[in-house]
There are 2 protein chains.
Amino acid sequence: MVNGNMYALGSNRSVIRDLFEYGNERAKLVGRENIYDFSLGNPSVPAPEEVNEAIADIIASVPSVAVHGYTSAQGSEATRKAIADDLNARFGTSFTPAELYISCGAAASLVSTLRALIADDGTEIVGIAPFFPEYRCFVEANGGRFVLVPADEAEFQIDFAALERALTAKTAAVLINSPNNPSGTVYSEETIRRLALLLEKKSAEYGRAIYLISDEPYRELVYDGETVPFPPLYYKDTVVCYSYSKSLSLPGERIGYVLVPAAAAESARLYAAIAGAARASGYVCAPSLLQRVIERCAGVRPHLEEYAANRDLLYSALTEIGFRCVYPKGAFYMFIEAPDGDGDRFSEHAKQYDLLLVPGRSFGCERFLRISYCVSGEMIRKSIPAFKKAFDEYEGLPH
Amino acid sequence: MVNGNMYALGSNRSVIRDLFEYGNERAKLVGRENIYDFSLGNPSVPAPEEVNEAIADIIASVPSVAVHGYTSAQGSEATRKAIADDLNARFGTSFTPAELYISCGAAASLVSTLRALIADDGTEIVGIAPFFPEYRCFVEANGGRFVLVPADEAEFQIDFAALERALTAKTAAVLINSPNNPSGTVYSEETIRRLALLLEKKSAEYGRAIYLISDEPYRELVYDGETVPFPPLYYKDTVVCYSYSKSLSLPGERIGYVLVPAAAAESARLYAAIAGAARASGYVCAPSLLQRVIERCAGVRPHLEEYAANRDLLYSALTEIGFRCVYPKGAFYMFIEAPDGDGDRFSEHAKQYDLLLVPGRSFGCERFLRISYCVSGEMIRKSIPAFKKAFDEYEGLPH
């Protein structure tokens, strides 16, 4: 009587969530301060002060009916203009509000874009390992086929030979995520250029555009002055899915956008289909108070000092212990290799030391484990001896 | 390349929205104060003062990371408890937080419930005219068949003979909306009792529960001390889809819930499927700040004086002019019959007087027109002569 796929999606918790709940149970036994929980990607840095200042000012000064009333489905014109202005100032583009669709966060952006592009059950969406596990659910639960390209495990850039093999006449889009969850790597300008060239070649070959969907919730989270190439500048058929969850530390508020550049193939048709998909999914509009906050805070940048310090501390400690890890340039994740290349086994082993590390299997890289370092520096410092013990006491043999 | 159904949904504006946009264009020509726009169901009464007080207090007193962080997908336990407590106090029930799923408003509640129940493309969802037009889109865009039961045009209760004919072995659910948009009628206790009996009989006949989905955004909007029967007290296999959009005047904020009573058939499985459907649609959690507002304001009731005064004024003026209209007991809508029974024609005619009335066709009642009286009393008073003129100058002949 109930839809079996939806039941499966609702009853099978993700590995991440499972580990988090395990940590909560352990915390009851041994105390929260003795659990080194690196499982969740929940920002540990408060929202920039401008956010709560904006909220306070808006509710004090704007009439209630305007603050809390419906906006148009694509979002308030003023908010879309503020976002376009910010993008244009940073990237030298000339986007207009009509190219933006305000969404309830990146997941909503992605689902709306995917439902707009999945024309039938043969439609293929290509993901690249390591990848955010919900991508598979978003594609498959909405009628598409998720095609996974294996990781370039040396650098976590793109294995272009593997990607080229994955592209077919049924490929609607390639979905990328840089800065990357779970690896923390940032696709280099060279990677984006090669990706654009390959997609142009394949689009020409098939006589139709293969879209690039760029999922960018971590765009602002990069360290050491690293820059993140902005894909629409390299490949015209790019759709950007953005969220303020990480950049403004607002993951619970569900606010983001889809950018459909006018230059993209069939952009008007695609924008309308995204609007239709949002409607079909029950998104009436994005939360209205938060739209006004973004109108004022679109140009506010995150405080990154704490994340940067966490990364430096953890990276040097773990590599000194002997872990292999590609140096993470962005997001707040680090992807370490299990000493014996068995991420599941090392994750289980690490639990003995109350060290909660997400096995890489669900990200498409079973040799690895994800560490979310959006936690307190104090917890990281206390966890180092546990990492050392877990490494030293692991019988690091393949089996 | 783009999904044709989604494109159609995104590019075909609703009749309501069309009329509203027409009004905006006319307002530029003749002045906003000369347009009598009765098209939209956007609350005209501000949110109760407790709402903005709660927002101000929460951002001033709760740490940012807690206010704006992810909640669990089903919503914060404290918010669900506050809602359960409020329901239990009012209806003598004993719901627990585990029976509630916090959603991004009624549309999200409905889509999640429908996706959970639509098992395959033969699944039928039965709606009863007059009905909120998005129901059809929510069902059809998510793979089901929408079956419409014609209206009881005398009273806007339920034509039970027609409903019985519509129920088949493929019926997953019957979807009701009382107080009703667009008619403003409230289903009587007798109607709900008969509905429960019929569904029990048919469920027994088919050997499986036919769910009742009760869409209740207007539950709190009733006048003259009228009571709205609470369907779970009459029929155990009821799922309630609620929204605070109208009761707390927060339509832009997208906050509501689904109640899946433990007593309902396969309730655990259905609840999990609703969670899965929400996940598949990209709902990560409902907006977190608003969840905290509801935790504090679940028991706050709307100020109805303005709506009640509008209704009385309009109802007596229009019936005096000669319009036929079932006396509306709830919501903020009135459904008048076109003098010649042609709602489309009268809507067009009324535009000459800058009177914007939504034709009833899209609600499943082409003889009628919807008037949304969530507007200023002043506009209503000024509009009466226009109604009179439109009525008198209409050549009220069938054609």
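User: In this model, how many residues of chain A are in contact with residues of chain B?
Analyst: This is a predicted model, in which local features need pLDDT of at least 70, side-chain atom pairs count only at pLDDT 80 or more, and totals for chains, interfaces and linings use all residues. Residues are numbered from 1 along each chain as its sequence is written, while chains are lettered from A and ligands numbered from 1 in the order in which they are written. Taking contact to require C-beta atoms, placed from the backbone, within 7 Å of each other, chain B contributes 66 residues, and the number from chain A is 66.

User: Which helix of chain A gives the largest share of the side that touches chain B?
Analyst: Helices (H or I, at least four residues) and strands (E, at least two) are DSSP runs numbered from the N terminus. Several helices of chain A each supply at least two residues of this side, among them helix 1, helix 3 (49-61), helix 6 (106-117) and helix 11 (288-297). The largest share, 10 residues, comes from helix 10 of chain A.

User: How many residues on the side of chain A that touches chain B are nonpolar?
Analyst: Ala, Val, Leu, Ile, Met, Phe, Trp, Tyr, Cys and Pro count as nonpolar, Asp, Glu, Lys and Arg as charged, and the others, Gly among them, as polar. On that division the side of chain A that touches chain B has seven charged residues and 18 polar ones, and the nonpolar count is 41.

User: What distance separates the centres of the two domains of chain A?
Analyst: The bounds come from an automatic or database domain assignment, which gives domain 1 (4-48 + 303-392) and domain 2 (71-297) in chain A. With the centres of domain 1 and domain 2 of chain A taken over C-alpha atoms, the separation is 26 Å.

User: Which residues of helix 14 of chain A are buried?
Analyst: A residue is buried if 20 or more other C-beta atoms, placed from the backbone, lie within 10 Å of its own, exposed if 12 or fewer, and partly exposed in between. The cover over the buried part of helix 14 of chain A includes strand 1 (36-37), helix 12 (305-321), helix 13 (343-351) and strand 11 (355-356). Buried in the helix are Ile380(A), Ser383(A), Phe387(A) and Ala390(A).

User: Asp354(A) has a positive phi; does it count as buried or partly exposed?
Analyst: Most residues other than glycine have a negative phi, whereas phi of Asp354(A) is near 55°. Asp354(A) sits in the loop between helix 13 and strand 11 of chain A. Because Asp354(A) has 19 C-beta neighbours inside 10 Å, its class is partly exposed.

Terms used. Contact = placed C-beta atoms within 7 Å.
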